[in-house]
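Here are my notes on this model, written up as numbered points. Have the structure open while you go through them.

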Amino acid sequence: MSFKRIFVIVMDSVGIGEAPDADEYGDAGADTFGHIAEKMNGLNMPNMQQMGMGNIKKAEGLEAVSSPLAHYGVMQEASHSKDTMTGHWEIMGLHITEPFRTFPDGFPDELIDKLEQITGRSIIGNKVASGTEIIKELGEEHVNTGALIVYTSADSVLQIAAHEDVVPIEELYDICEKAREMTYEAPYMLGRIIARPFVGEPGAFERTPNRHDYALKPFGRTVMNELQDEGFDSIAIGKISDIYDGEGITETIRTESNHDGMDKVVASAQESFTGISFLNLVDFDAKFGHRRDPEGYGKALEEFDERLPELVQELGEDDLLMITADHGNDPVHHGTDHTREVVPLLVYNKTFSPGQDLGRLHTFADVGATIADNFKVKMPENGTSFLDNILSKG
């Protein structure tokens, strides 16, 4: 075993330019990171720059450095989708050939009727919508009638919003569990059911941190399953546990924001464990990408960069840090959907000097394969380990 601990950070939706097949997804020209840098008149990310982010993706304010601290490369998604679940599942060794079903015109009457029957509540909404906008629009009606606000997005997701004083959290979770049971299989095959509780008064409704995702189970065993079975730690921070429906996870740590996520991963680095600590930073995607807010997105990237040294200083010579993403969500692109993009990969250990170019990896599963190789567990069917490559370069 080469490293005792591996930290994986997924910067949710931080794509770095259109994938070769982007036009098939309506995403020609998408460039999440590049367009944000333009809108910000340059990004101030000195720590990521020193690691080699500018060597991967030159952008205004972020140039290449001659001696990057990390090995760096570009990853291209092999699976046929651009959603969070597919990207994360591929990172841990799976290959998804059939994209999850989406409902751009709302859900069919048959499904809505079933939801009303099992919940005893009427349904309002049933359309593609922003989560913050739909509670502004329908929140007061919900409070007055008790009807559930159901909506979707460009993702394969059914979201149920309810005021915590009208529908208690446990009832909302129970409703979502029932909805999950109804939509596992054809004809629905929904990727996630999401509970979206909120509080407040009309005109001032706010979503709470009590969101809960009910995902499909991965279609096969992931590297995390292998780690768990062999007695290694597999720590899930943020929405990681929801994305994998708890599969292959030894400890779940919830987060409320990117800042909280960084707090939690730093805390995990201060503990003794052998295995992986796996963090998703959802704010990039949920708060800024989908809401098409490039300035907010840029500030969030700079804030992440400010926090990064807190984690790095906790890492020892037998620790490895991988920073990557799962898809794009270009905030200047049309619509509010994810975008089909390549993603960055930074691989850091304090003994790597200088970092070298890992080139273009043709599946996210190379990350999972490298983790499996490091801990000598069963290799995934997909992906190629770059462990020997980074060790020889280091």
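1. A word on the domains before anything else: their bounds come from an automatic or database domain assignment. Here that assignment gives domain 1 as 5-97 + 219-391 and domain 2 as 109-215. Keep in mind throughout that this is a predicted model.

2. How do the two domains meet? Taken over C-alpha atoms, the centres of domain 1 and domain 2 are 29 Å apart. On each side 13 residues make the contact: 13 from domain 1 against 13 from domain 2. Between them about 1,100 Å² is buried, and carbon and sulfur atoms give 53% of that area. On the domain 1 side, look at Met85, Asp242 and Arg291, which supply 40% of the area this domain buries against domain 2, more than any other three residues.

3. Next, the annotated site. The unreviewed UniProt entry carries a "binding site" annotation covering Asp12, Asp326 and His327. These residues span 316 residues in sequence, yet no two of their C-alpha atoms are more than 7.2 Å apart, so they gather at one spot.

4. You'll find Asp12 in the loop between strand E1 (5-11) and helix H1 (32-39). With 0% relative accessibility, Asp12 counts as buried. Its side chain makes a polar contact of 3.4 Å with the side chain of Lys239. Leaving out residues up to four places away in sequence, Asp12 also touches both other annotated residues, Asp326 and His327, and its contacts include Thr84, His88, Asn280 and Asp285.

5. His327 sits in another loop, the one between strand E12 (319-324) and strand E13 (343-348). Is His327 buried or exposed? Buried, with a relative accessible area of 1%. Among the residues His327 touches, not counting those up to four places away in sequence, are Asp12, Ser13, Val14 and Gly15, along with Lys82, Asp83, Thr84 and His338. Thr84 and Asp285 turn up in the contacts of Asp12 and in those of His327.

6. Now the nonpolar packing. The largest nonpolar core has 89 residues, and those touching the most other members are Phe33, Phe278, Phe304, Leu321, Ile323 and Ile371. Helix H12 (residues 294-312) gives this core its largest share, 7 residues. A second, separate core has 23 residues, including Phe103, Leu115, Val150 and Ile193.

7. Setting aside neighbours within four places in sequence, Leu321 is in contact with Phe7, Ile9, Met51, Leu308, Leu311, Val312, Leu315, Leu346, Val347 and Tyr348.

Terms used:
Residues numbered from 1 in each chain as written. Predicted model: local features only at pLDDT ≥ 70, side-chain atom pairs only at ≥ 80, totals over all residues. Heavy atoms only, no water. UniProt positions renumbered as here; feature names shortened; annotations may be inferred. Helix = DSSP H or I, 4+ residues; strand = E, 2+ residues; numbered from the N terminus. Buried < 20%, exposed > 50% of the residue type's maximum accessible area, 1.4 Å probe, protein only. Contact = heavy atoms within 4.5 Å. Polar contact = N/O pair within 3.5 Å; in protein donor to acceptor, adjacent residues only side chain to side chain. Core = buried A, V, L, I, M, F, W, Y, C linked by side-chain atoms within 4.5 Å. Buried area = accessible area lost by both parts, 1.4 Å probe.
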